[in-house]
Amino acid sequence: MTDQSATGTSQIRLLDRLLLRWLAGRVQMSVLVSQPEPRMVGQYARGKQMLAGNFLVAGELIEAQGAVPFAGRTAAATEAMHGFGWLDHLAAVGDREARALAQAGLRDWIARFGKGKGPGWAPGLVGRRIIRWIAHAIFLMQGMEEHDQRQFLHALALHAAYLERRAGKAASGLPRIEAQVGLLYATLSLEGMSDRIAASHDAVLAAARAQITEDGGIATRNPEELLQAFELLAWAIQAMADHGHQISAQAVELLDRMAGALRVVRHADGALARFHGGGRGRDGALTAALVLRDAINPAQTMSNADMAMGFVRLSGGRSSVIVDAAAPPLKAAPARAHASTLAFELTSNRRPLIVSFGDGSEFGAEWHRASRATASHSTLAFEGYSSSRFATQHQARLELADGPRHVGVEFRHAPYSRAVRLSHDGYLPSHGLEHLRYLDLSSDGCVLIGEDSLIATSKRSMARFDEVMARTGGAGVPFALRFHLHPEAEPSLDMNATAVSVLLRSGEIWVFRADGLHLALAPSVYLEKGRLKPRPSQQIVLSLRATGYTSQINWSLSKAQDTPLAIRDTVQADPFAVPEL
């Protein structure tokens with residue numbers, strides 16, 4: 001952050017403090033006249049962990065026995081606690097003990113921060129918090145002392161008054177949508193605000209439309225962020241319908257476009273592809289949001305698009321392949337974008353097989369940078385290079401400064417397969433070579449055939465490659481094809497290291513081969529949100545050298561012949577088990 005932008009942010013915070021101090025003495029206690037049904041998907045196990053004094057937020061474990069902590073070591077953890085998302089998990093438990101802890105946390109927050117103090121007063125964060133307060137109002141207020149109820153209702157009124165003045169000034173993107181949806185919840189639920197419902201609805205729609213592209217995606221190309229925006233819009237539309245208000249056709253059309261994009265980036269197991277800072281999504285959140293959308297507009301048919309938001313989806317049988325088929329979002333999210341062009345993920349039934357590192361932001365700066373490199377994704381990378389370039393090390397924030405200028409996508413579907421040919425020129429400036437990738441998934445989902453090529457197509461690119469070759473003494477330019485495996489996938493080398501068998505927990509066996517080339521297994525990691533440490537895993541690596549203007553590697557990943565076409569996959573985690581931290 002520059003000195004100028006830091007000064008601007010400080011001035012905004014000062015203005016917010018002055019506004020809140022002025023509002024606190026003038027806002028009168030409000031009354032809840034209605035309550036939108038809570039649509040949030042909480043996790044029972046997380047709620048039980050909180051009751052045991054363990055709050056796992058933003059990759060940080062905060063211990064607080066019998067209380068709710070509102071200060072973490074990182075800004076992300078502190079913001080998560082002030083956003084009251086933890087309330088969803090306590091509500092999922094829903095017993096007397098969970099309610100008592102939620103009420104204690106609410107009382108403590110109002111006493112310490114309720115008049116504008118502390119870090120929890122950015123407009124987007126206020127919107128996130130008031131959504132939870134209103135949605136879980138019955139859970140919170142049951143058995144609450146009258147004095148505490150009055151304090152809660154006054155805090156709701158202060159939040160609403162603040163958002164009326166500041167929601168439109170929230171940071172663009174998800175924070176502005178959160179702020180506007182929070183204000184809409186307030187206009188629907190608090191006494192005396194019904195005359196502002198229509199204007200608030202229009203503001204929600206404007207905030208969402210400003211972020212969503214024509215194909216239903218989001219500019220940051222982060223699938224999990226798209227899901228969060230989709231949830232917020234779906235909650236807002238359903239809340240309007242529940243209160244008897246007409247839903248605009250524009251809002252429904254926007255929701256349908258977003259649903260189509262989400263189906264493209266959804267794997268066969270219902271989880272999201274993990275690219276550009278996004279994770280798999282909270283368990284059940286995507287399904288719940290899509291079900292809600294179907295209830296809002298049951299007449300809309302399911303989208304069968306093969307591509308959205310720069311991602312390609314191939315599906316066959318019970319398998320899904322999702323490919324990053326566009327340049328990174330260098331303008332929309334340079335500090336979170338990944339150098340993952342042409343990387344893919346493969347899921348079979350309920351089991352992820354080929355994956356990427358994921359988002360490392362919750363595990364520290366070094367993991368964050370490492371997770372964004374091309375070598376952390378399942379694709380081709382030159383040794384020591386990524387397909388997109390990071391800014392200089394001297395910058396406080398390591399941003400992607402440059403990437404592929406052109407990414408080609410050409411579908412080549414056939415009656416018995418779904419196929420796509422892709423290309424990118426990210427290595428043209430550094431090596432004079434373009435990367436071409438061909439992926440072909442059989443209609444039964446049992447065989448994925450791949451072909452990766454490097455090619456110099458012009459005299460200029462050939463001259464550049466010759467320069468790079470000269471530096472190697474004619475030994476060839478080293479590169480590697482990497483296929484990162486999920487931690488629960490168990491690989492083993494077969495046939496004198498010319499094949500790798502991968503056993504999934506479902507009992508499926510997949511076999512990887514590559515033109516008889518020597519294969520190696522190497523350590524990898526799986527960075528999973530909601531865990532304290534990276535999970536160790538393995539990767540299949542083909543280490544090669546480019547010695548000419550054209551190099552080509554053919555490979556295949558197929559189910560073993562003795563693997564049944566359909567497996568009854570009954571191995572699953574107990575949803576009520578509380579995992580160890």
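Which strand gives the largest share of the lining of the largest cavity? That would be S7, with three residues. Here's a quick tour of this predicted model, from its overall build down to single residues. Local features need pLDDT of at least 70 and side-chain atom pairs count only at pLDDT 80 or more, while totals for chains, interfaces and linings use all residues. Residues are numbered from 1 along each chain as its sequence is written, and side-chain values use heavy atoms, with hydrogens and water left out.

**Overall build**

- The chain has 16 helices and 21 strands; these are DSSP runs numbered from the N terminus, with helices being H or I of at least four residues and strands E of at least two.
- Its radius of gyration is 25 Å, close to the 25 Å that the globule rule gives for 581 residues, so the chain is as compact as a globular protein of that length. (The radius is taken over C-alpha atoms, and the rule is 2.2 Å times the number of residues to the power 0.38.)
- Along its principal axes, the C-alpha trace spans about 80 × 55 × 45 Å.
- Of the 581 residues, 54% are buried. Buried means under 20% relative accessible area, exposed means over 50%, and partly exposed is in between, using a 1.4 Å probe and protein chains only.
- Take the contacts (heavy atoms within 4.5 Å) between residues at least 6 apart in sequence: 68% of them join residues at least 24 apart.

- In soluble globular proteins, nonpolar side chains tend to be buried together.
- Here, the largest nonpolar core has 104 residues, and Trp86 and Trp133 have the most contacts inside it. Helix H11 (residues 223-242) gives the most to this core, with twelve residues.
- Apart from that core lies another one of 46 residues, among them Leu346, Val407, Phe479 and Phe512.
- A nonpolar core, by the way, is a set of buried Ala, Val, Leu, Ile, Met, Phe, Trp, Tyr and Cys residues joined through side-chain atoms within 4.5 Å.

**Around Trp86 and helix H4**

- Leaving aside neighbours within four places in sequence, Trp86 touches Met50, Val68, Phe70, Ala80, Met81, Ala102 and Gly105.
- Trp86 is one of the buried residues of H4, along with Leu87, Asp88, His89, Leu90 and Val93. That makes H4 mostly covered, with six of its eight residues buried.
- The buried residues of H4 pack against helix H2 (44-51), H3, helix H5 (96-113), helix H6 (123-135) and helix H7 (137-141).
- Just after H4, Gly94 takes a positive phi of about 75 degrees.

**The cavities**

- Searching the whole structure turns up two cavities of 30 Å³ or more. On a 1 Å grid over the protein atoms alone, a cavity is a set of points where a 1.4 Å probe fits but cannot get out, and lining residues have an atom within 4 Å of a point. Points are joined across faces, edges and corners, and a volume is the space filled by probe spheres set on them.
- The largest cavity holds about 60 Å³ of space. Its lining includes His267, Arg274, Glu345 and Tyr526, and strands S6 (344-348) and S7 (351-355) each supply at least two residues.
- By class, that lining divides into five nonpolar, two polar and three charged residues. Ala, Val, Leu, Ile, Met, Phe, Trp, Tyr, Cys and Pro count as nonpolar, Asp, Glu, Lys and Arg as charged, and the others, Gly among them, as polar.
- The second largest cavity has about 50 Å³ of space, and its lining has eight nonpolar, one polar and no charged residues. H11 gives the most to this lining, with four residues.

**Loop residues to look at**

- Most residues other than glycine have a negative phi, and most peptide bonds are trans.
- Phe84 isn't a glycine, yet it has a positive phi of about 65 degrees. You'll find Phe84 in the loop between helix H3 (75-82) and helix H4 (86-93), and it counts as buried at 1% relative accessibility.
- Asp515 isn't a glycine either, and its phi is positive at about 50 degrees. Asp515 sits in the loop between strand S18 (509-513) and strand S19 (520-526), and at 52% relative accessibility it counts as exposed.
- Ala339, in the loop between strand S5 (319-324) and S6, counts as buried at 0% relative accessibility.

How values were computed: On a 1 Å grid over the protein atoms alone, a cavity is a set of points where a 1.4 Å probe fits but cannot get out, and a pocket is an open set with protein on both sides within 12 Å along at least five of seven lines; lining residues have an atom within 4 Å of a point.
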